[in-house]
Amino acid sequence: MRLEPLSSEHLDGLCEFGLDPELWRWTTTRLRTREDMIDYVETALQSEQEGTARPFATISVKSGQVIGCTRFGNIDLHNRRVEIGWTWVGVPWHRTAVNTEAKYLMLRHAFEVLGCIRVEFKTDSINERSRRALLRIGAKEEGTLRNHMIVHDGRYRHSVYFSVIDSEWPEVKSNLEAKLSYKPTR
């Protein structure tokens, strides 16, 4: 898989897999229609123009097909931190290495190109799959913000924060490369 800067050109591919209700179960957003996806992409691109986000389409190298989306958000270059989130991949790619590889590429870019000292993630406290995935990539659980957000059905979401800091990156990187049997290019 590869990540490429998100554009409106990705819309059809995003709609093909991104309108599955299961993908939006634990989010504050619910995408059901093409118009919802148009708004989602436009919001991501507007945040990019404002300098607070950098969205990407997740692309299958084998097929060239758009299979998901992710982004850097809450970019704070002064404090050298970013958040990785807004991540989803189509159901056919669940339980594959796609999400792990995307996180690896983004973490590597954050620490080795942007010079970040902190990369953070957040997820719904009841999203066990996401919490396990973040721990599996090497992120450390930091704590829970109670009543942090209101989700699409009116439920109060408690958000669990995770992070990887610069001193942890070499070990996290090594472990991710071993998981992915990755041969990094330098």
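A residue is called buried when its relative accessible area is under 20%, exposed when the value is over 50%, and partly exposed in between (1.4 Å probe, protein chains only). The model shown is predicted, so local features need pLDDT of at least 70 and side-chain atom pairs count only at pLDDT 80 or more, whereas totals for chains, interfaces and linings use all residues. Residues are numbered from 1 along each chain as its sequence is written, and side-chain values use heavy atoms, with hydrogens and water left out.

View 1. Cys69 is buried, at 1% relative accessibility. The closest cysteine sulfur to that of Cys69 belongs to Cys15 and is 11 Å away, too far for a bond. Cys116 is in no disulfide either, as the nearest cysteine sulfur, that of Cys69, is 19 Å away. Cys116 is also buried, with a relative accessible area of 3%. A search of the whole structure finds zero disulfides, a disulfide being a pair of cysteine sulfur atoms within 2.5 Å.

View 2. Seven strands form an open sheet with mixed pairing, in the order β1-β2-β3-β4-β5-β7-β6. The edge strands, β1 (2–5) and β6 (140–150), each pair on one side only. From one strand to the next, the twist averages 30°. Two strands pair if DSSP finds at least two bridges between them. Helices (H or I, at least four residues) and strands (E, at least two) are DSSP runs, numbered from the N terminus.

**View 3. Strands β1 and β2.** Four bridges join β1 to β2 (residues 53–59) in the antiparallel sense. Leu3 has Thr58 in β2 as its bridge partner.

**View 4. Helix α1 across the sheet strands β3 and β4.** Helix α1 (residues 11–18) lies across β3 (66–76) and β4 (81–89). The helix runs at about 105° to β3; axes are lines fitted to C-alpha atoms, for helices over the stretch in contact, and angles run from 0 to 180 degrees between N-to-C directions. Contact means heavy atoms within 4.5 Å.

View 5. Helix α5 (residues 169–180) has 12 residues and reaches 16 Å from its first C-alpha to its last, close to the 16 Å expected at 1.5 Å a residue; the expected span is 1.5 Å times one less than the number of residues. Trp169, Val172, Lys173, Leu176, Glu177 and Leu180 of α5 are buried. Seen down the axis, these buried residues fall within an arc of 130°, so they line one face of the helix; the arc is that of the directions from the helix axis to the C-beta atoms. They pack against α3 (98–112), α4 (128–137) and β7 (156–165). Pro170, Glu171 and Ala178, on the other side of α5, are exposed.
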